[in-house]
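Please read the following with the sequence and the coordinates side by side. The text moves from the contact between chains to details within each chain.

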Amino acid sequence: MLSMRGIGKSFLGVRVLSGVDLAVTAGEVHAVVGENGAGKSTLMKIVCGVHPPDEGTIELDGRPVRFGHPLEARRSGIAIIYQEFNLLPERTVAENVFLGREPVRRGLVDRAAMEEATARLLGELGEDAFGPRDVVKRLPVAQQQIVEIVKALSVDARLVVMDEPTAALAEHEVESLYRLIGRLRERGVAVLYISHRLREVFDLADRVTVLKDGSRVTTLPIGEVTPAELIRLMVGRDLGAYFPPRSARAGEVRLRLRAAGNRKLRDIDLDLRAGEIVGIAGLQGSGRSELARAIFGAEPFTTGEMTPARPRSVREGVALGIGLVTEDRKAEGLALRQSVRDNVLLVARAVGAGNRAGVRDLLERVRLAPVRRDQEVRYLSGGNQQKVVLVKWLTMAPRVLLFDEPTRGIDVGAKAAVHDLMRELADDGMAIMMISSELPELIGMSDRVVVLRDGRVAGTLPAGASEEAVMRLAAGEAA
Amino acid sequence: MDLLTRARGPARGGLAAHLREPTQVLFLALLGLVAAGWVLVALDGGQFLTLESVVGIQQRSAALGIVAVGQTLVILAGSLDLSVAYLISLASLVAAEIMAGQDGNIGPAVAAVLAVSALVGLVNGLVITRLQVHAFIATLGVALIIRGALDHLYDGPAGRVPESFQVLGYSRIGPVPVSALLWAGVAVLAWLLLSRTRLGYRIYAVGGDEEVARLSGIRTGRVVVLAHVLCSVCAGVAGLLLAARLGAGAPTVGTDGGYDLESIAAVVLGGTALAGGKGGVAGTVGGVLLLAVLDSIFNQLEVNSFVKDVVRGVVIVVAVAVYARRTRGRRA
């Protein structure tokens with residue numbers, strides 16, 4: 001039904017996909033798996049017309065198609081259900097399902113017809129927990145997802161793309177999603193199912209395509225592969241990268257968590273020691289960033305213990321000597337239109353302490369000295385921006401520094417520089433926690449890897465653990 | 001997870017559960033205020049809700065009410081309109097000048113007012129959607145342009161409205177003034193528009209989440225422009241009403257009434273989210289009535305006008321804080 005050949009795509013000169021082939025047949029559940037950054041989401045966005053491909057062809061029922069806009073893909077019967085829903089929370093189920101194509105009778109919207117059609121679709125899916133008149137924001141996440149699916153079906157979608165559909169769902173909700181997908185399959189609808197969770201892939205899929213580093217590794221019927229093999233296919237690669245040598249002189253405990261939790265985290269036990277880099281691994285939605293934000297006080301822990309103290313706000317976190325280099329440095333780490341100097345002093349000024357005089361030394365230390373201090377940060381390269389964020393925290397001489405995806409979106413040379421700096425800081429006695437979706441980086445840098453799954457600690461692995469071991473814990477796969 | 005699901009699920013029973021919507025809170029507050037007014041005025045030795053005061057409340061409400069209904073449309077669409085006050089002045093002058101005291105000119109005058117208003121709305125909408133100027137600045141700019149023109153051409157009331165048209169301003173059917181009927185008519189039309197037409201649905205969609213609306217195939221720019229045209233037409237109708245009351249057009253009639261900010265206050269008091277996508281005309285009607293009843297109580301108690309403003313300010317801020325709290329409570 002859908003056939004894609006030789007799909008390639010680059011963003012800003014970075015190659016994200018190259019030569020990917022993908023074919024989907026009617027009534028098939030086709031899983032697409034791969035590590036974070038393997039190109040799954042980009043491929044799906046190409047299927048749905050969000051991004052046009054740079055190279056390659058897409059054929060639908062043997063006819064070549066080219067989608068310039070998501071609407072064109074939708075008219076061809078392709079619907080996508082994003083991780084974040086495209087619903088209007090203040091409107092009813094029926095209003096959302098028929099958004100933009102409300103049935104009209106004598107000039108007025110025919111509510112009855114709209115609600116009837118919605119009810120019928122809900123009925124076909126065996127959904128009776130809510131009706132067409134319920135307001136979307138009052139529905140649990142799982143039911144909102146069903147609304148999305150009904151919306152897709154109401155336009156006669158023949159291919160439904162689901163991007164990590166279970167990320168926001170609880171265990172029992174996942175089962176009803178399974179049943180729903182079963183019904184879609186019976187209707188001859190094809191499903192492209194993207195998930196990190198191998199259990200779901202093996203429960204649902206007919207075939208699985210493995211992506212790695214933007215290329216297709218293979219496509220297999222699910223019966224011909226074991227979970228362990230699938231993991232190997234996803235992560236198997238040469239570990240050519242260089243990481244600074246570990247010193248492994250773990251000192252005193254700087255930060256201790258016992259049974260700490262909040263809305264997204266539960267029963268977290270964790271020690272961060274001076275001189276140590278602790279890596280945090282986990283799939284998207286496992287609670288990695290939430291852990292960093294909780295320790296930092298941005299979304300505080302509500303239960304459990306944290307020593308020396310449990311911060312209730314960012315201010316308290318900073319007072320405890322905790323710094324957070326956030327995942328999205330442009331949105332959360334920097335005031336892009338301000339100068340390097342202003343950015344570096346953001347925290348020091350806000351808290352009214354810190355080492356303002358030593359900024360020049362610190363900039364030199366992170367090798368940012370050649371950059372003019374009155375230059376606006378937005379003109380710096382990604383690597384240099386990240387160094388500015390780092391210096392921002394160093395002015396406070398933090399005791400604990402949390403890094404969330406510290407090398408995302410920066411080039412290879414700058415990556416190595418950031419890695420060296422992190423190790424240097426640890427050697428100087430700082431306690432460092434690092435989150436990274438790139439397993440080789442995480443394993444290469446960390447003295448210990450703590451794996452999270454569903455907001456809990458799934459296990460801890462020593463330095464030099466294999467990627468397979470990490471993935472197995474992260475995916476909750478016993479094999 | 002059980003707890004979480006339950007917290008997000010539909011609430012059961014209890015007064016609090018029934019009071020989820022700002023509109024319900026508002027109308028309850030309105031009832032309370034009327035009761036309180038009754039007691040206060042009675043203690044003062046007067047009588048609240050006499051025929052005179054009821055008519056007064058309705059008349060005071062009508063012009064603001066009509067503007068606020070229009071304002072509701074643009075705010076729901078995620079925009080806002082600061083040019084309504086000057087447009088009202090402009091409309092009153094256009095009406096009175098064209099009528100020039102002649103009964104025969106009423107038709108053309110009304111048509112001209114509606115056309116001029118629609119044009120102003122079109123300009124507002126196009127500047128916002130095509131030139132990508134924020135609504136606040138776009139409509140402020142248009143307001144200043146109208147003001148400049150008015151100040152240049154007029155330094156006092158002008159034109160004359162014939163007696164037959166002044167009926168709109170003063171006469172009444174039983175206890176109901178004609179102007180109140182006009183307001184009710186505008187409100188009902190807007191309610192129909194919002195709840196029964198595609199345009200109405202799209203106004204909610206665009207204001208709720210422009211990206212979601214766009215990805216659902218809605219031409220979002222067009223919806224915003226239409227909302228602005230309707231809002232300006234409402235302001236034009238209010239201008240006609242005020243011209244009927246004054247018997248002439250006046251370059252300051254809109255700004256003296258403070259119709260720009262006051263209409264936004266009434267909409268927000270009615271529970272419509274300033275960010276758009278949530279609320280409706282019923283709330284706005286309640287908001288306008290609440291402000292008018294408050295006014296009426298103060299008048300009867302002969303409270304000085306500065307205290308009046310302070311109390312109105314407090315009421316508006318407290319109301320929005322209460323709505324925000326209810327929304328948050330649901331999310332947590």
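In this predicted model, 20 residues of chain B are in contact with 18 residues of chain A, two residues being in contact if their C-beta atoms, placed from the backbone, lie within 7 Å. On the side of chain B that touches chain A, the elements that give two or more residues are α1 (2-8), α10 (198-208) and α11 (210-215) of chain B; helices (H or I, at least four residues) and strands (E, at least two) are DSSP runs, numbered from the N terminus. The largest share of that side, five residues, comes from α10(B). Sorted by class, the side of chain B that touches chain A has eight nonpolar, seven polar and five charged residues, where Ala, Val, Leu, Ile, Met, Phe, Trp, Tyr, Cys and Pro count as nonpolar, Asp, Glu, Lys and Arg as charged, and the others, Gly among them, as polar.

As to provenance and confidence, the model is predicted, local features need pLDDT of at least 70, side-chain atom pairs count only at pLDDT 80 or more, and totals for chains, interfaces and linings use all residues. Residues are numbered from 1 along each chain as its sequence is written, while chains are lettered from A and ligands numbered from 1 in the order in which they are written.

Within chain A, the axes of helix α4 (residues 111-124) and helix α5 (residues 141-154) come within 10 Å and cross at roughly 110°; axes are lines fitted to C-alpha atoms, for helices over the stretch in contact, and angles run from 0 to 180 degrees between N-to-C directions. α4(A) and α5(A) are therefore roughly perpendicular to each other, a label that covers angles of 65 to 115 degrees. Here Ala117(A), Thr118(A), Leu121(A) and Leu122(A) in α4(A) meet Val150(A), Leu153(A) and Ser154(A) in α5(A), and this contact has five nonpolar, two polar and no charged residues.

Strand β19 (residues 431-435) of chain A has five of its five residues buried, so it is largely enclosed by the rest of the structure; buried requires 20 or more other C-beta atoms within 10 Å of a residue's own, with C-beta atoms placed from the backbone. Ala431(A), Met433(A) and Ile435(A) cover one side of β19(A), and Ile432(A) and Met434(A) the other. Strand β15 (residues 277-281) of chain A pairs with β19(A) in the parallel sense over four bridges, pairing needing at least two DSSP bridges, and β18 (residues 400-404) of chain A runs parallel to β19(A), joined by five bridges. Ile435(A) in β19(A) stands opposite Ile280(A) and opposite Asp404(A).

Definitions and conventions:
Angles under 35 degrees count as roughly parallel, over 145 as roughly antiparallel, 65 to 115 as roughly perpendicular and the rest as oblique. A residue is buried if 20 or more other C-beta atoms lie within 10 Å of its own, exposed if 12 or fewer, and partly exposed in between; C-beta atoms are placed from the backbone.
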